[in-house]
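Please open the structure in your viewer and keep the selection panel at hand.

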Amino acid sequence: MKRVLITGITGQDGSYLAKFLFNKGYEVYGTYRRLSTPNFWRLEYLGIFEKVNLISVELGDAGSIVEALKLSEPEEVYHLAAQSFVEASFESPVATGDITGLATTRILEAIRQLCPDARFYNAATSEMFGWTGVLKGGKPLNEDDVFRPMSPYAAAKLYGYWITRIYREGYGIFAVNGILFNHESPLRGLEFVTRKIANEVAKIKLGLSKELRLGNLDAKRDWGYAPEYVESMWLMLQQAKPEDYVIATGEAHSVREFAEKAFEIIGLDWEEYVKVDRRFMRPLDVPSLVGDYSKAERSLGWRPKVKFDELIEIMVGEEVKRWEGWLKGERFPWDAPNYPSENRILTRALRM
Ligand code: NAP
Ligand code: GDD
């Protein structure tokens, strides 16, 4: 059985990827971090909480990364853990540089020393392109376009992108960058704009809220469906040669369009409910991003299936179902924190 280590298994992509790899027959190990309230609801929601092995790792702590590699002895490593919220990177730029950027080197260096034959996936991002989207006049961006980051998050990710290439070219490690454009799902964090809109629209439909406060409505993003995107990560590590790939849908839509469509689904006019609020504006915001996934299609056989309208239907539908359940007294998955059962958590006792 192939062994795999996923950093950030409690996040949106980590949990979908864990399920995907478990179904492929992998023995799945994942890193989580100690929080005052446990955060395993996505793994529970997908029904794989009891099927993965959990190892506590703090990305700022190189020793914990070394221990995770020793305990899991992986053939594949998917590095997904990061401070992933662009807005928060303006509030904590130094911590974001450390956790989202430098930690990639901590992991690569541990791989180089302990398991150099392991294949490594790095979660790079379309956010690295930044202003290039404007310079290219809204044309889809590919692997050869230049990066002009516009946030501390993007600058940190760009560092991670280059250090991944340096370990590939300098040490021969099978290390790839997935340059993924925005991908969403009902498991997205609540602060990201798609889930924020879907959640609030559902509450408005059920009379639980009266308005939706948003920032920059003009920003355009290329939004895909997360469960499809995690498959591309796996495909990248199954190739004969390590290369970097753009993963996207090839379509850009504005935040305004997203809100308009979400309200249309529940039969309301978005303009009556959406208020622009400066608190949700950023010091700099990438105006437009759209990706060209033709290399991934050619080499990996990957193409997106769920596009803009269907994505919004899935997300709004799921939130309406959840809030209807809540009105009947059901709990949300994140309202019932759970600890992993003892046989699934690899503790310090095992490390000694
Ligand atoms: P996410 O839901 O925010 O998950 C991030 C994961 O990182 C969580 O498991 C989180 O743990 C963990 N983490 C954060 N800080 C940590 C720390 N100091 N030590 C250890 N673990 C830490 O992000 P996602 O949407 O799944 O994205 C996965 C990766 O892809 C991220 O690197 C993101 O930057 C990148 N990316 C995402 C997109 C997208 O559209 N989703 C696009 C391109 C690239 P907690 O659960 O405890 O917070
Ligand atoms: N979060 C948020 N909240 N964004 C808003 C709001 C709001 O109230 N109003 C407008 N926006 C705009 C943001 O300014 C941005 O232009 C766009 O909506 C998308 O914001 P997010 O959903 O927070 O995502 P992001 O594009 O900044 O970053 C996501 O995608 C990147 C890939 O391009 C994250 O998942 C990153 O981790 C990822 O790398």
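Begin with strand β5, which contributes three residues to the shell around ligand 1, the most of any element. Please bear in mind throughout that the model is predicted.

**The ligand and its surroundings**

Select ligand 1 together with its neighbours: 26 residues surround the ligand, and the closest are Thr10, Asn39, Ser84, Tyr153 and Lys157. Next, display the distances to the oxygen atoms of ligand 1. An N or O atom in the side chain of Thr10 lies 2.6 Å from one oxygen atom of the ligand. For Ser84, a side-chain N or O atom is 2.7 Å from an oxygen atom of the ligand. How much of ligand 1 does the protein bury? Taken alone, ligand 1 exposes 910 Å², and the protein buries 90% of that. To see which elements give two or more residues to this shell, colour α1 (12–23), β5 (119–125) and α7 (152–171).

**The aromatic pairs**

Now select the rings of Phe, Tyr and Trp; the count of aromatic pairs comes to 17. Select Tyr229 and Trp302 to view one of them. The centres of these two rings are 5.3 Å apart and their planes stand at 90 degrees, so the pair is edge-to-face. Tyr229 belongs to helix α9 (residues 226–237), whereas Trp302 is in the loop between α11 (294–300) and α12 (308–327), so the pair ties together parts that are 73 residues apart in sequence. Are these residues buried or exposed? Tyr229 counts as buried, because its relative accessibility is 0%, and Trp302, at 3%, counts as buried too.

Move on to Phe258 and Phe308. Their ring centres are 5.8 Å apart with planes at 80 degrees, so this pair is edge-to-face. The pair links distant parts of the chain, with Phe258 in helix α10 (residues 255–265) and Phe308 in helix α12, 50 residues apart. Phe258 has a relative accessibility of 1% and therefore counts as buried; Phe308 has 6% and likewise counts as buried.

For a group of rings, select Phe129, Phe147, Tyr161, Trp162 and Phe181, which form one aromatic cluster.

**Charges over rings**

Two further selections show a charged residue above a ring. Select Arg188 and Phe192: Arg188 lies over the face of Phe192, 3.9 Å from the ring centre. Then select Lys295 and Tyr245, where the charged end of Lys295 sits over the ring of Tyr245 at 4.6 Å from its centre.

**Arg112**

The last stop is Arg112, a residue of helix α5 (residues 93–114). Is Arg112 buried, partly exposed or exposed? Its relative accessible area is 31%, so Arg112 is partly exposed. Show the side chain of Glu109 as well: the side chains of Arg112 and Glu109 make a polar contact of 2.8 Å. Which residues does Arg112 touch, leaving aside those up to four places away in sequence? They are Tyr167, Tyr171 and Ile173. Finally, select the C-alpha atoms of Arg112 and Ala175, which are separated by 11 Å although the two residues are 63 residues apart along the chain.

Note on methods
Residues numbered from 1 in each chain as written. Chains lettered and ligands numbered in written order. Predicted model: local features only at pLDDT ≥ 70, side-chain atom pairs only at ≥ 80, totals over all residues. Heavy atoms only, no water. Helix = DSSP H or I, 4+ residues; strand = E, 2+ residues; numbered from the N terminus. Buried < 20%, exposed > 50% of the residue type's maximum accessible area, 1.4 Å probe, protein only. Contact = heavy atoms within 4.5 Å. Polar contact = N/O pair within 3.5 Å; in protein donor to acceptor, adjacent residues only side chain to side chain. Phe/Tyr/Trp six-rings, centres within 6.5 Å; stacked < 30°, edge-to-face > 60°. Lys NZ or Arg CZ within 6 Å of the ring centre and 35° of its normal. Near = heavy atom within 4 Å. Areas by Shrake-Rupley, 256 points an atom, 1.4 Å probe, with all protein chains shown as cover.
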